[in-house]
Amino acid sequence: MSELSTEIQQNLADIQKKLANNTVLTDEDLSFLLLTSLLESEAQ
Amino acid sequence: MKKIALIQLNRLGDIVQTLTALEGLMDNNEYELTLITRASFGQPLEKIISQYVHKHIMLDIRDIFADSKLENATHKLSQTLSALNSQNFDLSINLTFDKTSSYLNTLINSRFKLGLQRNRLNELVINDSWSQYVYSNIMASTYSTYNLVDIFKNIIGNKANIDSTPKELTNNIVIHPFASMKKKQWQISKWVEVIYSLLKSNPSSKIHLVGGSPDLESAKLITSSPILKQFSERLIIQAGQLNVTEVDELLYNARLFVGNDSMVSHLAGRNNTPSLILSLGPVRPIETTPYSDNVINVSPNIGCFPCTVEEKCDLLPCHNKINHQLVSTLANEIYKNKSTVDINVERVIPDLHLMGVNVFKNEFNSDGLSLKSLISRKDDYKFVLQNLYRGIWSFYFKGDDSNLNTPSISEETAGFIGNFMDGLNNLFEIYNFAVKYTNRICVEAESQEPNLQTINESVTRLREIDSLLQATKRTFPEVSPLADFFYVAKSNVAGENIQEVSKNSQVLYYEAANLTAALFDLCNQIVTPFIKDQTKDEQHAKDA
């Protein structure tokens, strides 16, 4: 699970960088955000 | 045939409320409906869901993350999204209002989208007014004005009425004394008293205690009570024994349902079962009372009610406001009458037991389900404000002015409303300034040679207006429903360029000013008799 968490953190950091540079997100990015959000909500 | 995707990722109760909002749409051959749920909540309701929609797609999150590998999880989610998008939806409607659903709505390739979604900069976008209303008012405010089913119906555009044809009823009583959180659940010892009273007064009745497997121990605690031993043959534990569909079938012709606000109460509503519902803690009665007019709703009349889910409360004072004699009497009356109609609460219940509670009867009017007080006392401030807001929202969204009623209030409430009017006055002035500055931008932007400095100055003023709105909300929190709605609406205003955005913003500020003025006038009508009375009193004092 920690491996999963590290990978997620890395991808999220990449997306944050894109947003900071005003770069538009791709479907893949949004799909990844959906995935992390599902994981978060399931943990609650 | 138009293909519609409906996103409901919340819990069981929200799914039942969503289904109720879809009543009648399946019979209309113009639409093909697909409901998207989380597997953990959609699975238990699968049979009931199939009565309302053509297709049911479940997001199985445990399966997606089954092996803890991101690559596999991404692949599985991508497969689910591909399956969804192969449907070629014309419209996707997000009824969930959370982060997860906003991404899902964005990733569904539908021609039109309602409810929360994201743009490519990950900003939240809400295009339709009803969803803006939910986001600004339901998620934050305690001034709920509509039942969630009506809100869902308004978002979807379904005007069908609920079928309430009378049925042949059994002598079964269904009780659900459990809830998803402690703050919503009335004490077990009080439930024991209510059950005792019902079984003793109605010798042919049978009580079924329903709930999930985790409720089994509490159910046993109830049935093992010494005062209930003599009725063991007529008190049946069904908690953890019946699945959701079986509970639904039991409720279909049950003579009475009594319970806390929960998924089971929504099943009772869907079956039009004569019901007595207890709304406690963070439950907002108008929002989640079962969608049926065969319901009596009891809630505490105490300042801290309703609280929020996040607020910590160990003493639960709102629970103590409702005593078991009140609930027993009402439950027995409903059982005797086989309906909630014609129950004269003030005749059957002593004043002493009514002091700390509100007793409402659900009824339908032109803008959906509403609560009618069964106790003839002056309306309290919160209730008055709730109904005033409902009146102006119905007027704003639907042009329906039939709910702009003048309530009966006390002098104390008149004082509160006077203060509220000061807040509305501030708000009105702020919105008029906003109209002025957006107009200035429009005029400048449309001129032959727009002056950028003039435009920038007006933009700065509009930013200051946003700060003024925040300050007004802090001083007069009761104006938040209006201020928040128009803030969210303005943030989502349509337009491709500065001219379009300014024009649309101006219209919105103009509407905000008008609606604020309408609410102010209504309040003025309510408090005017008190001002006259006060003037008379002062004159009498002078004469004396």
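In chain B, 67% of the contacts (heavy atoms within 4.5 Å) with a separation of 6 or more are between residues 24 or more positions apart. This is a predicted model, in which local features need pLDDT of at least 70 and side-chain atom pairs count only at pLDDT 80 or more, while totals for chains, interfaces and linings use all residues. Residues are numbered from 1 along each chain as its sequence is written, chains are lettered from A and ligands numbered from 1 in the order in which they are written, and side-chain values use heavy atoms, with hydrogens and water left out.

**Build of chain B**

- Chain B holds 22 helices and 15 strands, counted as DSSP runs (H or I of at least four residues for helices, E of at least two for strands), numbered from the N terminus.
- Chain B is as compact as a globular protein of 544 residues, because its radius of gyration of 26 Å is close to the 24 Å of the globule rule, which is 2.2 Å times the number of residues to the power 0.38, with the radius taken over C-alpha atoms.
- Of the 544 residues in chain B, 55% are buried, meaning under 20% relative accessible area with a 1.4 Å probe, protein chains only.

**Contact between the chains**

- Chain A brings 24 residues to the contact and chain B brings 23 residues.
- About 2,300 Å² is buried between chain A and chain B, with carbon and sulfur atoms giving 70% of this area, which is the accessible area (1.4 Å probe) that the two parts lose on being put together, summed over both.
- On the chain A side, Leu34(A), Leu35(A) and Leu38(A) lose the most area to chain B, together 28% of what that side buries.

Key: Buried means under 20% relative accessible area, exposed over 50%, partly exposed in between (1.4 Å probe, protein chains only).
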